[in-house]
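User: I would like to go through this model with you and ask, for each label, what value stands behind it.

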Amino acid sequence: MFTLAEVASLSDIQPTYRILKPWWDVFMDYLAVVMLMVAIFAGTMQLTKDQVVCLPVLQSTVNSKVQPDTSGKADFTTVETTTVQEEAPMRTVSFESVTVTPDILLSRATSSQYPPTESGQELKKEQKDSSGRKTNLDFQQYVFINQMCYHLALPWYSKYFPYLVLIHTIILIVSSNFWFKYPKTCSKIEHFVSILGKCFESPWTTKALSETACEDSEENKQRLTGAQSLPKYVSTSSDEGSPSASTPMITKSGFKFSADKPMIEIPSVTILDKKDGEQAKALFEKVRKFRAHVEDSDLIYKLYVGQTVIKTVKFIFILCYTANFVNTISFEHICNPKVEHLIGYTQFECTHNMAYMLKKLLISYISLICVYGFICLYTLFWLFRIPLKEYSFEKVREESSFSDIPDVKNDFAFLLHMVDQYDQLYSKRFGVFLSEVSENKLRGISLNHEWTYEKLRQHVSRNAQDKQELHLFMLSGVPDAVFDLTDLDVLKLELIPEAKITAKISQMTNLQELHLYHCPAKVEQTAFSFLRDHLRCLHVKFTDVAEIPAWVYLLKTLRELYLIGNLNSENNKMIGLESLRELRHLKILHVKSNLTKIPPNITDVAPHLTKLVIHNDGTKLVVLNSLKKMTNVAELELQNCELERIPHAIFSLSNLQELDLKSNSIRTIEEIISFQHLKRLTCLKLWHNKIVSIPSSITHIKNLESLYLSNNKLETLPAAVFNLQKLRCLDVSYNSIAVIPVEIGLLQNLQHFHITGNKVDNLPKQLFKCVKLRTLSLGQNCITSIPDKVSQLLQLTYLELKGNCLDRLPATLGQCQLLRKSGLIVEDHLFDALPSEVKEVLNQDTSIPFANGI
């Protein structure tokens, strides 16, 4: 027999799982406990008191009729079998004048039926004739009969009723809790219950819901106060979606302007310490992973439906066969043991002393099963009445400010439906951790606690333009304290996916340059108004064109725009550069991408562009006709565009002053003669190409001041180059030039000459007639000596000689008044070989600043 503790362990589940047990499961568990108690009670009664008592059915007519005698008197003779106790083996039973002893019964039991005696004398005579040893064999015979009739006459259901109830109850208990124990479901359930409990108790849940209530109250106040509290830069436009209908990309970035709902500063209701904040962040990650793991299957739902169907079938089975046995449980039973040769009787009438109790227990059990079955039917109705594989947080979205809580499906949805039967507040608080808005708010709070004003001030630095710059990298958002740095000139935001620029940016009156690197920042209406009026330079680096914030195209006072990213992929055919037409004050456009042609829409801003830079990352730029419309462009850079010749469209740019064709595949520059129409061209950069020779027609570029031909394949320098009298900078480094022509002396205005990395072995004396030289790069050549006339270069500040075949340096270097050791690039042993007075002169630059520093 099972103990109660052993049976109870079958339904033992963790206390925390109660949130997944709806009222019908709880009620069925209690019914199962009652049925278990019925089984144990019936089993106990059966073990202690269950028995039958049988008496023989006499075949004589004396048992059923009254026989009259000759004297007219009726004499009733009845033989009664009694259980003979060991204490009175010779006890006699007397009915009127007939006396029956156990010995007489024994003799009757071992022979055929005796006829009834007529006088007491004959009976006494018979009694005297009987002889033998007195035993209790008659008692043993009736015990034997009772045992046989218990198994033969008693219905099987009366004997096994307690055990059947116990087995059925155990099966129902196991079926009810199988989904908690099954390996493929219990892990998910355990994980879900653990996360749900943590979400319910998390301080962040309370804070998020409290802020919702606070926002509601603030909105009510705002409706009452009207528009009196509108911020300074709030637009009065009635178009909530966008100030301009001509900017179709605004909807892509999710950027919305709202003049009807100005930004409200929400006071902090509660404060999360660092530990609570980290735990909440971990919960968001756990919920995200759990959702991805559980939503892809519906095994828990199917298992629960299956076990409910099994319980329903079990109920029908029990009810069908049990109802047939209600009437079989009876107090009286007729037994035919077929042991007449031992007893002498063929039929016995037996009584079952537990019949009444068993019948009452069976009726009670049937009643409990009926209630249990009706609940199972209700459960099936609930399972199939509503789509339990879908769960909507619509009510939660309506009641809270988290309108982005997604609906869930499959097992995740089913578990939430089960939780709702326990308490809907669990699902509401759990929904907070499904919301990206909620997660972003948490990140914002944690971010503001970590990045204080003092910490941000430590990260402010001075850039090359001597401007105060702050670079924030890979943060969860933009700390509020950033907007308190009112003296900041440059703000760089990199890899901050949830960057949001609030109205507080209006405090940063010095801010004129903003960098957004993979950072699709969103701005509030007030912040946008400020940026539109103050921002002058914007850098945007992106992977997909959708990352470009839509408000970028509305910055009407923007002067410089730098776009770095992919603009030529299949996903970016709908490039929003047509919106550049709104940038009426744009002067510099820098595009680093992989264009095959210059977008025609760029010409919308061409009339007022003064500088256009295209870095094409090796993609061949084919169509350049739109360049002709950029009549005001003064600087043009077409770098790494795989150009093989100088584009003809460039010759139409009459205002062009600087042309940079760096890193292309240009082999010949015969078209350079057409540059004579570019009267204002002063700087020509043809470096990092494959140019073999310089045509003499270069002399037609009369106003050329800077010529960059480094990293090409030049072997000679034509004399025509030295007819450019205005040339101030000549760079022919890293070619194969062996001789510096003597005509170089004609360049009286030359200030910078670079011929590093060539094959020069001798320096002409005419070189030192260029007395205005400030920079002279002669490194990595084959020069064996430096003429003493180097002393004529009184304005020389930089001299590179490293990598040559020099044995010594001329002592006249000391006469170059502006040359210092820091500007002399030469091997150490050559410098050490100089006279001490020369070294002292060259070292002055190290001692003077040091003294000034003191």
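User: How do the axes of helix H2 and helix H13 come together, and at what angle do they cross?

Analyst: In this predicted model, the axes of H2 (residues 23-49) and H13 (residues 355-385) come within 10 Å, and they cross at roughly 160°.

User: Why are H2 and H13 called roughly antiparallel?

Analyst: The crossing angle is roughly 160°, and an angle over 145 degrees counts as roughly antiparallel, so H2 and H13 are roughly antiparallel to each other. The crossing in which H2 passes H13 is left-handed. On the H2 side the contact is made by residues including Trp23, Trp24, Phe27 and Met28, and on the H13 side by residues including Tyr372, Ile375, Thr379 and Trp382.

User: What makes up the contact of H2 with H13 in terms of nonpolar, polar and charged residues?

Analyst: The residues of this contact divide into 21 nonpolar and 1 polar, with no charged residue among them.

User: How do you know whether Thr379 is buried or exposed?

Analyst: Thr379, which lies in helix H13, has a relative accessible area of 0%; buried means under 20%, and Thr379 is therefore buried. Leaving aside its neighbours within four places in sequence, Thr379 is in contact with Trp24, Met28, Tyr304 and Thr308.

User: What makes Phe831 count as buried?

Analyst: Phe831 is found in helix H20 (residues 828-832). Its relative accessibility is 7%, and because the cut-off for buried is under 20%, Phe831 counts as buried. Not counting residues up to four places away in sequence, Phe831 touches Leu809, Lys821, Leu824, Val826, Lys839, Leu842 and Asn843. The C-alpha atoms of Phe831 and Arg808 are separated by 8.3 Å, although these two residues are 23 residues apart along the chain.

User: How much of the whole protein is made up of buried residues, and how many helices and strands are there?

Analyst: Buried residues make up 46% of the 854 residues, and the protein has 22 helices and 26 strands. Of the contacts with a separation of 6 or more, 56% are accounted for by residues 24 or more positions apart. The protein exposes about 42900 Å², of which carbon and sulfur atoms supply 53%.

Notes:
Residues numbered from 1 in each chain as written. Predicted model: local features only at pLDDT ≥ 70, side-chain atom pairs only at ≥ 80, totals over all residues. Heavy atoms only, no water. Axes fitted to C-alpha atoms, helices over the stretch in contact; angles between N-to-C directions. Helix = DSSP H or I, 4+ residues; strand = E, 2+ residues; numbered from the N terminus. Parallel < 35°, antiparallel > 145°, perpendicular 65-115°, else oblique. Left-handed = near helix turned anticlockwise from the far one by under 90°. Contact = heavy atoms within 4.5 Å. Nonpolar A, V, L, I, M, F, W, Y, C, P; charged D, E, K, R; others polar. Buried < 20%, exposed > 50% of the residue type's maximum accessible area, 1.4 Å probe, protein only. Areas by Shrake-Rupley, 256 points an atom, 1.4 Å probe, with all protein chains shown as cover.
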